[in-house]
Every structure is written in structure tokens, then in C-alpha cells.
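Please look over the chain shown here, with an eye to its charged pairs, its strands and its surface. A short report follows.

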Amino acid sequence: MTLPLDTVSEHETLPFTTDDLRSALGQFATGVTIVTARDDEGRLVGLTANSFNSVSLTPPLVLWSLARHSSTMAGFLSARHYAINVLAADQRPLAERFARRGIDRFEGAPWHAGLTGAPVIDGAVAVFECTHRSQYDEGDHIIFVGQVEHCRRRLGAAPLVFHGGRFFTDLPI
């Protein structure tokens with residue numbers, strides 16, 4: 001059960017469920033990304049993720065996390081490079097496609113090989129091509145830290161935003 005913040009003293013600890021935690025985390029608006037790579041056999045892997053964050057400017061490091069049970073885990077663990085594609089508001093259908101299971105997520109998706117060889121989604125607001133630097137096993141996820149080798153942005157494009165379990169596409173630029 002989640003109580004309003006003003007009803008809980010700073011020293012109280014109340015029990016909460018994973019649903020409570022998910023709902024509270026959902027109040028943090030995030031951008032939406034598609035993380036893509038080629039596995040060690042050259043197969044394309046990718047998924048929608050909003051667990052992206054900057055780590056450091058010097059050296060240039062970013063992170064994202066992947067659920068341990070993800071069907072793409074083996075592919076990302078074997079990849080030397082990956083791309084984090086920050087989606088534009090008009091790319092909501094791609095976000096939904098790359099979130100689905102049991103399909104070829106790349107079928108019909110506009111992409112090209114980036115400078116590192118990782119798939120880059122055409123039309124993204126920003127792209128970070130990374131070398132796999134390290135990973136950390138935490139809770140039910142693996143945290144991937146990548147060193148940014150190349151980045152670029154698309155001027156004048158509104159971002160796709162996720163908040164409270166919903167996509168938002170009508171933000172001002």
C-alpha cells in the first residue's frame with residue numbers, strides 16, 4: 001500500500017509490494033530507447049528499454065539494464081558493440097514492435113549498420129554507439145556499461161516519453 005508522502009514520518013518504514021514499487025517508479029518520466037546489437041554469430045538482437053542513463057563524460061560512459069530472463073540476454077552478453085537508439089515521438093510503433101516477444105523485431109524496421117557495426121535505427125533522436133565495457137549482476141537484472149565510441153543527434157525532433165505505463169508523443173520540441 002502506498003501512502004501520500006506527507007503521512008509517513010522520515011523514520012517509518014512501511015511494507016510495499018513489487019506492484020507498489022513499479023507504480024512509484026512509473027512516476028519517473030523517461031525517454032524510450034531501442035538497444036540493438038549483433039551477437040557473436042552476426043544475428044541481430046534488439047529490444048525496447050527505458051533503463052538508459054549517463055554515467056560519465058570523461059570517459060564517455062552510459063548504462064542500461066536488461067532483465068536476467070530476457071530472450072535477448074545471450075545475444076547482448078556476446079556482443080562487442082551495441083547501439084542505444086533514443087526514439088523520436090513518431091517512432092512509437094517501433095517501440096511497441098521491439099517490446100513484443102516471439103517476432104522478428106527487425107522485420108520492416110528502418111535501420112543501417114553504424115560505425116561500430118551495431119544496428120542503428122533510422123530517424124532516432126539520438127544514437128550512442130558503444131563498446132561493451134563492463135556488466136554488473138544486480139537483483140533480477142544485468143547492468144551493462146558501455147563506452148561511447150560515436151554519438152549523434154537529430155535536431156528538431158520531439159522525443160518519445162514513457163510515464164505511468166503510457167507513451168507520450170505530443171511534447172513540444
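R43 is partly exposed, because its relative accessibility is 47%. The cut-offs are these: buried means under 20% relative accessible area, exposed means over 50%, and partly exposed lies in between (1.4 Å probe, protein chains only). A salt bridge here is a side-chain nitrogen of Lys or Arg within 4 Å of a carboxyl oxygen of Asp or Glu. D39 has 9% relative accessibility, so D39 counts as buried.

The model is predicted: local features need pLDDT of at least 70, side-chain atom pairs count only at pLDDT 80 or more, and totals for chains, interfaces and linings use all residues. Residues are numbered from 1 along each chain as its sequence is written, and side-chain values use heavy atoms, with hydrogens and water left out.

**Charged pairs**

How many salt bridges does a search of the whole structure find? The count is 5. In general, side chains of opposite charge can pair when their charged atoms come close.

| Pair | Closest N and O atoms |
|---|---|
| D137 and R68 | 2.5 Å |
| E129 and R152 | 2.8 Å |

Take D137 and R68, whose closest N and O atoms are 2.5 Å apart. This pair links distant parts of the chain, 69 residues apart. D137 sits in strand 9 (residues 126-138), and R68 sits in the loop between strand 5 (61-67) and helix 2 (73-78). Helices (H or I, at least four residues) and strands (E, at least two) are DSSP runs, numbered from the N terminus. D137 is exposed, because its relative accessible area is 53%. R68 is partly exposed, at 36% relative accessibility.

E129 and R152 form another salt bridge, with 2.8 Å between the closest N and O atoms. This pair also links distant parts of the chain: E129 is in strand 9, R152 is in strand 10 (residues 141-153), and 23 residues separate them. E129 is buried, at 0% relative accessibility. R152 is partly exposed, at 33%. Elsewhere, salt bridges with shared partners join D39, E41 and R43 into one network.

**Strand 2 and its partners**

Is strand 2 (residues 33-38) largely enclosed or open? Strand 2 is largely enclosed by the rest of the structure, because 5 of its 6 residues are buried. Strand 2 pairs with strand 3 (residues 44-49) in the antiparallel sense, over 6 bridges. Two strands pair if DSSP finds at least two bridges between them. V35 stands opposite L47 in strand 3. The hairpin of strand 2 and strand 3 has 5 residues between the strands, and there G42 takes a positive phi near 85°.

Strand 2 also pairs with strand 6 (residues 81-86), again antiparallel, over 5 bridges. Here T33 has V86 as its bridge partner. As a rule, in a regular strand the side chains alternate between the two faces of the sheet.

Which order do the 3 strands of the open sheet take? The order is 1-11-12, with antiparallel pairing. Strand 1 (30-31) and strand 12 (166-168) stand at the edges, each with a single partner strand, so one side of each has no neighbour in the sheet. Strand 1 and strand 11 (residues 161-163) are joined by 2 bridges in the antiparallel sense. T30 has F162 in strand 11 as its bridge partner.

**Surface and overall form**

F16, L21 and L25 make a nonpolar surface patch of about 330 Å². Patches are made of residues with over 30% relative accessible area and no salt bridge: like charges are joined within 9 Å, nonpolar side chains (Val, Leu, Ile, Met, Phe, Trp, Tyr) within 5 Å. F16 lies in the segment before helix 1 (18-25). F16 counts as exposed, because its relative accessibility is 56%.

The chain has 3 helices and 12 strands. Of its 173 residues, 37% count as buried. The C-alpha atoms fill a box of roughly 55 × 40 × 35 Å along the principal axes. Among contacts (heavy atoms within 4.5 Å) between residues at least 6 apart in sequence, 62% join residues at least 24 apart.

Key:
Accessible areas come from the Shrake-Rupley method with a 1.4 Å probe; for residues, only the protein chains shown count as cover.
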